[in-house]
Structures are given as C-alpha cells and as structure tokens.
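Subject: Structure handover

Hello,

Here is the structure we talked about. My notes follow directly below it.

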Amino acid sequence: MAERKPLFQFAYRRSPDQDARESAHHGVVIVGAGPVGLSLAIDLAQRGIAVVLLDNSDRIGEGSRGICYAKRTLEVWDRLGVGDPMVEKGVTWRRGKVFRSSDLLYEFDLLPEGGHKRPAFINLQQYHVENLLVGRAAALPGIDLRWRNEVVDIVAHPDGADLRIETPDGPYGLRADWVIACDGVNSTVRKRLNVEFAGEMFDDQFLIADIKMSAELPTERRFWFDPPFHEGRSALMHRQPDDVWRIDLQLGPHADAEREKRPEIVRARLAAMLGHDEFELEWVSVYRFQCRRIRSFVQGRVVFCGDSAHQVSPFGARGGNSGVQDAENLAWKLALVLSDEAPASLIASYDLERGQAADDNIRHSTRSTDFIAPHSAAEARLRDATLALAPHADFAKRMVNSGRLSTASVYDTPLSTADGDVWGGGVPPGAAMQDAILSKGSENLYLTDIVAPRFTLLFAQAVAAPKLSAPIDLVAIATTQGPCAPLRDAQGQFAARYEATPGCGYLLRPDGYVAARFRDATVEGVEAAFGRARGKG
Amino acid sequence: MWDRAHPPRALPIGDPALRFIMRLDTSSRFSDPDAAYRLVVEAHRGLADEESRKLDAALILILANQIGDLTVLREALALSRAAVAPVKEAATS
Ligand SMILES: Cc1cc2nc3c(=O)[nH]c(=O)nc-3n(C[C@H](O)[C@H](O)[C@H](O)COP(=O)(O)OP(=O)(O)OC[C@H]3O[C@@H](n4cnc5c(N)ncnc54)[C@H](O)[C@@H]3O)c2cc1C
C-alpha cells in the first residue's frame with residue numbers, strides 16, 4: 001500500500017506575534033485544531049470572542065479515525081453553521097444488525113420516530129469533518145488559525161499561562177488569559193503540566209481498515225460475533241461516503257501488529273470476509289484501545305477538552321462526539337465569563353458536567369469492549385451464554401453489547417433548577433432539548449432551527465406570556481389546546497415530547513440543555529432559574 | 001399437552017405458543033440490563049477459573065432459592081440446556 005498523500009494542505013504564515021519583543025497577550029488560545037479545537041474556536045468566534053488557534057501540523061487526511069457522528073453532534077454543528085455540508089457529504093444511517101456466526105441475532109433502530117431534523121448518525125471520514133470545520137473557521141472573523149505552530153511548553157499562572165511555540169521560523173512565546181488544550185490524546189499541555197491521565201488499557205488488538213469498493217449493501221452498522229470468516233473473534237462494518245467502507249477486525253491480544261498491517265495479510269482477511277478481493281486499501285492500522293481520563297478538566301486557567309481530557313475505545317463512537325459536546329458546553333460559559341456576565345466559577349460546572357459525560361462514556365465503552373473481548377474464561381462463558389440465549393430470550397438480547405452508540409449525556413448539575421411541579425414525561429432539567437416539527441403559516445420548521453444558541457424560554461402559549469426583563473429569547477408555541485401564536489404545534493410533537501400544556505415553559509441554556517421547566521412559567525420563576533444557570537445560584 | 005408434574009426435559013424453545021404456558025419470564029426486566037450484566041462480570045474479576053465456577057454454582061443456588069418455584073426453575077434449566085447444549089439434549093431424549 002502506497003503512503004497516502006494528505007488530502008488537504010494548509011499554509012504556515014508568519015504572525016506579527018513572532019516579531020514581538022515580549023510575548024503577545026491574548027484572551028483565549030486554543031491548542032490543537034482537531035474536530036474539538038475547531039468546533040470550540042468557531043463557537044467562541046460566533047459569540048464574539050477572538051481566539052488564537054495553534055496546530056502543529058499543516059495538513060489533514062493522511063488517515064481516517066472517527067467516522068460516526070451522532071445526532072447531538074450534528075445539532076451542535078448546525079449551530080456552528082456546518083451541519084448541512086456535514087450531512088450532505090456524509091451517509092445517513094440509523095439501523096444496525098448484530099450477527100452471531102452467520103445468524104442475525106437482532107436489528108436495532110436508533111431513531112424510529114419522525115420529526116427530527118438530524119438523523120441518528122452520519123458516517124463521514126474525520127478528514128472531511130476537519131476540512132469542513134477549517135473552511136468555516138476561515139470564513140469567520142476572530143479566528144487566528146496558525147498552522148505549524150507547535151506548543152512545546154506551558155507555564156501556568158493564577159491568571160493565565162505562558163506558551164512556548166515552535167514554528168518553521170523558530171520559537172516564540174504567547175501569554176494567554178485562558179488556554180484551552182484540545183491537543184488530543186498525547187496532549188503536550190497535559191504532559192508539561194504533569195496532569196495524570198489514568199485508566200485502563202485493553203489487551204486485545206483490533207485491525208481497522210478503510211477500503212474502497214462498490215457494493216450494493218444497505219447503509220447500516222453490521223457487527224458479527226464469531227463470524228465464519230473470522231472465527232472466534234468479532235467484526236464490524238460501516239459504510240462511508242465515496243464508496244469507502246470501514247472494517248474493524250478483532251485480532252486478539254497476541255497478534256503481531258506489524259505483520260497484521262502487511263497488505264497481503266490484510267487483503268486475505270478482508271477477502272475472506274467479503275467473498276471477493278475487488279477492493280483497494282485506503283488506510284490500515286492496528287489499535288489497542290484505552291479508556292482514560294484526567295481527574296479535573298479545569299486546572300486554573302487551563303481547560304482540557306476532547307481527547308486531551310478523556311479517551312474511550314471506539315465502540316459506541318463516543319470519542320469525537322463527546323469532544324465536540326465538551327466544546328459546546330465550554331464555549332457559552334467561557335463567553336459569559338469573558339464578558340463579565342457570569343462569575344469565573346461557572347467554568348467549574350464545565351468540569352462537573354463534562355466529567356459526568358466522560359464517566360458515562362468510559363462506562364459504556366468499557367462494558368462494550370469487555371463484552372467483545374472478554375477478560376477471562378469466566379467472562380467469555382458469560383458472554384457466550386448471553387449470545388446463545390439471545391435468539392430465545394429477550395432479556396439476553398438486551399445484554400448483547402456490540403457498542404452502545406453515543407447519545408447526549410444528562411447532567412446532574414447545580415445549574416439546573418429542580419422540578420417544582422409534577423411531570424410524567426417531557427425533557428427533565430439537565431437533559432438536552434428534543435427536536436420537533438412546528439408550523440408557521442404553511443411552512444414546517446424544526447424546533448432546533450428556531451432556537452438560537454442563547455438562553456431561550458420555550459413557552460406553550462397561554463393567554464399572556466411572561467414579560468421577561470432578563471436577556472432571554474422567547475419562543476411561544478401554540479399548542480392545540482391553547483390560544484394562537486404564529487408558531488403552531490400542528491402535529492402535536494411539542495406537546496408529546498415536552499409534555500407541554502398551555503402556560504408551561506422550558507428554560508433552555510445556550511447549549512440547548514434544559515435548565516428548568518415550569519407548569520406555569522412566571523417571570524420570577526424563570527429569572528431565578530436563569531440566574532442559577534449562569535452560576536449565580 | 002403440558003403436564004406440570006412431568007414437563008419434557010427440553011422445551012421446543014422458539015415455539016411462540018409456549019409463551020402462553022411458560023411461567024418463566026424471559027422478557028427484559030432490568031431497566032439497565034448492561035449494569036446487571038456488569039455486576040456479574042465484576043464479581044468474577046480477580047478469581048481463578050476454578051473459583052469462578054464455584055461462584056457461578058453458588059449464585060445459581062442462591063437465585064434458585066430466591067425464585068422459590070420449581071416450575072420456573074425447571075423451565076429455566078430447560079431453556080439453558082437447550083440454548084447451550086441442544087445437540088446433546090436431542091441425543092439423550
Ligand atoms: C480507530 C478509531 C475510530 C474512531 N471512531 C470514532 C467515531 O466513529 N466517532 C467518534 O466520535 N470518534 C471516533 N474516534 C475518536 C476520535 O477520532 C477522537 O475522539 C477525536 O479525534 C478527538 O478530537 P480532538 O480534537 O480532541 O483531538 P485530535 O483529533 O487528536 O486533534 C488534536 C489536534 O491537536 C494537534 N496538536 C497535538 N499536539 C499539539 C501541540 N503540541 N501543539 C499544537 N497542536 C498540537 C494535532 O495536530 C491535532 O490536529 C475514533 C478513534 C479511533 C482511533
């Protein structure tokens with residue numbers, strides 16, 4: 001297999017900061033222009049915060065890593081102005097099949113209901129994701145993206161940090177009030193600050209191959225336990241755009257990774273699986289997966305986001321997805337703190353909320369990885385019994401774990417106001433908003449498009465809406481039972497998904513999470529919850 | 001048909017008609033099945049294989065007693081046998 005050429009190449013440009021006699025001073029410096037650093041930079045820039053974004057490379061596309069992007073991440077990217085190109089370029093899917101040997105054990109559907117703008121998942125090569133984000137970042141004022149700027153050292157102070165950066169023109173320094181480390185799993189910032197990155201390494205090795213072939217297969221996730229073409233191990237297959245397919249084969253703990261990467265060996269394994277050898281190898285790698293995190297994502301004025309803060313095994317597609325959701329959690333909080341609209345302590349809630357999400361992701365991906373590659377003979381017996389029972393007993397089917405796919409985490413957070421009213425369903429405080437189709441005149445609109453990335457009160461129209469003096473957007477929706485409003489819940493999806501009755505209100509945070517909800521939304525109730533959600537509670 | 005005192009040794013599992021006469025509940029009863037599975041996995045961590053087998057045996061007896069119903073236990077045993085050793089079963093019956 002020939003060395004792959006980079007797909008996208010960017011240019012190093014000298015910054016005036018490199019000629020400054022003393023380190024130039026910036027409000028926010030983001031280290032690392034991967035999917036997480038780029039998403040964060042775009043979000044902050046859209047909120048009027050200027051950022052310097054440093055990346056040690058100047059190209060993307062030498063190999064793919066992430067491919068599956070979840071509905072919640074697509075909703076974040078919608079707000080960042082890149083949702084449409086991502087979905088257009090990607091392949092959309094929501095179904096999966098799990099096989100044991102050659103028998104279908106079960107099928108799942110990740111989004112069986114309608115009324116959602118975004119699908120359960122798209123598959124898209126990570127280099128396309130990054131390239132679309134780079135394009136968006138370049139189109140925004142306020143993002144100073146510097147390629148081939150490698151952070152080699154950092155010294156933290158109580159009110160910021162000093163960075164040392166290597167470039168093709170030699171080193172220079174920068175001083176920042178806030179440094180956001182989005183420099184990935186091998187984070188230099190984390191290492192230089194001696195922050196411990198602890199967790200579990202799994203014994204098994206996995207071959208990950210991207211191949212090009214034309215195949216008439218449905219767009220769905222396929223997973224095999226003990227398939228006839230790869231006995232005693234597991235296999236996973238995913239479609240990507242441009243006739244590219246991702247195949248993931250378990251190799252066991254003792255495989256010789258160098259040998260396994262040899263094209264003739266890979267081709268033989270894949271030919272056995274596919275029943276033909278009409279494919280090209282795009283990219284091959286052998287991984288040993290890990291689940292790790294740092295204890296606190298906020299270390300004074302240095303904040304960790306994405307893989308620098310936490311790492312998961314890929315079963316469940318939780319790595320990139322959770323990193324992008326870290327970025328959206330941090331962006332609005334940092335923007336409020338920098339504009340003095342919230343106390344600096346609001347940043348602590350980023351650590352709390354995204355720490356919970358990381359624990360959740362690590363828990364799920366550890367369980368999946370251990371199910372796929374059991375640790376001991378006892379665990380293997382338990383796993384095999386589950387697979388044997390699954391065709392006969394529903395309970396066992398539910399325990400078959402080939403990866404639990406990424407969904408938005410729910411936060412147990414002091415920014416939420418606990419329910420004071422009785423709710424049987426709906427979206428509880430700490431959970432992400434649900435989409436729904438609404439009507440305006442003859443037009444159909446999605447709720448996720450209507451709500452701007454600011455504090456918003458979703459109000460089920462009653463005789464009068466609360467007259468808010470706080471900076472909260474009001475989105476009034478006429479339910480079938482209540483009085484008129486331009487926006488109508490014609491299909492009843494808002495009422496069903498939010499258990500909405502006339503007069504009730506949901507206060508959404510700028511990241512679309514529910515901060516509070518009221519059966520009878522009053523100015524005092526909503527504004528108290530608004531204060532709490534900004535860390536003033 | 002179904003004689004409670006002398007049930008067949010192996011259930012013809014997969015026959016939907018059996019749902020109506022079986023007492024064993026095979027529907028998913030945990031709100032978080034992964035968590036339940038994980039508890040069992042973790043109970044085995046750090047044990048030698050022989051100890052693991054002993055743990056399984058003890059667990060079976062404890063859970064059987066908790067069920068406290070011979071009919072259900074019989075059905076559970078028949079289902080497990082049919083799932084993991086269907087060939088042997090056919091040979092002996
Ligand atoms: C095989 C595989 C499959 C995966 N599948 C999925 C999936 O389907 N879905 C999913 O969501 N996730 C998936 N992931 C995880 C996903 O790839 C990562 O979680 C994601 O890349 C993390 O993004 P990031 O921006 O935090 O870090 P990275 O993508 O690693 O980006 C870090 C950036 O920082 C730069 N950098 C590093 N050090 C420095 C420095 N000192 N100075 C300046 N710049 C620096 C790097 O050049 C890079 O651009 C998968 C991972 C693997 C390995």
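Chain A and chain B bury about 2000 Å² between them, with 58% of that area given by carbon and sulfur atoms. Buried area here is the accessible area (1.4 Å probe) that two parts lose on being put together, summed over both. This is a predicted model: local features need pLDDT of at least 70, side-chain atom pairs count only at pLDDT 80 or more, and totals for chains, interfaces and linings use all residues. Residues are numbered from 1 along each chain as its sequence is written, chains are lettered from A and ligands numbered from 1 in the order in which they are written, and side-chain values use heavy atoms, with hydrogens and water left out.

The A–B interface

The contact joins 23 residues of chain A to 22 residues of chain B (contact: heavy atoms within 4.5 Å). Five salt bridges are counted between the two chains. The rule is a side-chain nitrogen of Lys or Arg within 4 Å of a carboxyl oxygen of Asp or Glu. Arg381(A) pairs with Asp49(B) in a salt bridge, at 3.1 Å between the closest N and O atoms.

On the chain A side, helices H9 (346-372), H10 (377-389) and H11 (394-399) each supply at least two residues. H10(A) gives the largest share, nine residues. Helices (H or I, at least four residues) and strands (E, at least two) are DSSP runs, numbered from the N terminus.

Chain B

Chain B has four helices and zero strands. Of its 93 residues, 24% count as buried. Buried means under 20% relative accessible area, exposed over 50%, partly exposed in between (1.4 Å probe, protein chains only). For contacts in chain B with a separation of 6 or more, 59% come from residues 24 or more positions apart.

Domains of chain A

The assignment gives domain 1 (8-92 + 109-198 + 291-367), domain 2 (201-289) and domain 3 (437-533). Such bounds come from an automatic or database domain assignment. The centres of domains 1 and 2, taken over C-alpha atoms, are 30 Å apart. Their contact takes 20 residues from domain 1 and 18 residues from domain 2. About 1500 Å² is buried there, 61% of it from carbon and sulfur atoms. On the domain 1 side, Ile67(A), Gln125(A) and Phe315(A) lose the most area, together 32% of what that side buries. The rule finds one salt bridge across this interface. Lys89(A) and Asp242(A) form a salt bridge, with the closest N and O atoms 3.2 Å apart.

Nonpolar cores

A nonpolar core is a set of buried Ala, Val, Leu, Ile, Met, Phe, Trp, Tyr and Cys residues joined through side-chain atoms within 4.5 Å. The largest has 95 residues; Ile30(A), Trp77(A), Ile143(A), Ile180(A) and Leu507(A) touch the most other members. Helix H8 (residues 319-338) of chain A supplies the largest share of this core, nine residues. Domains 1 and 3 of chain A both give residues to this core, so it lies between them. Another core, of 43 residues, lies apart from it and includes Ile67(A), Tyr106(A), Phe202(A) and Val41(B).

Best wishes
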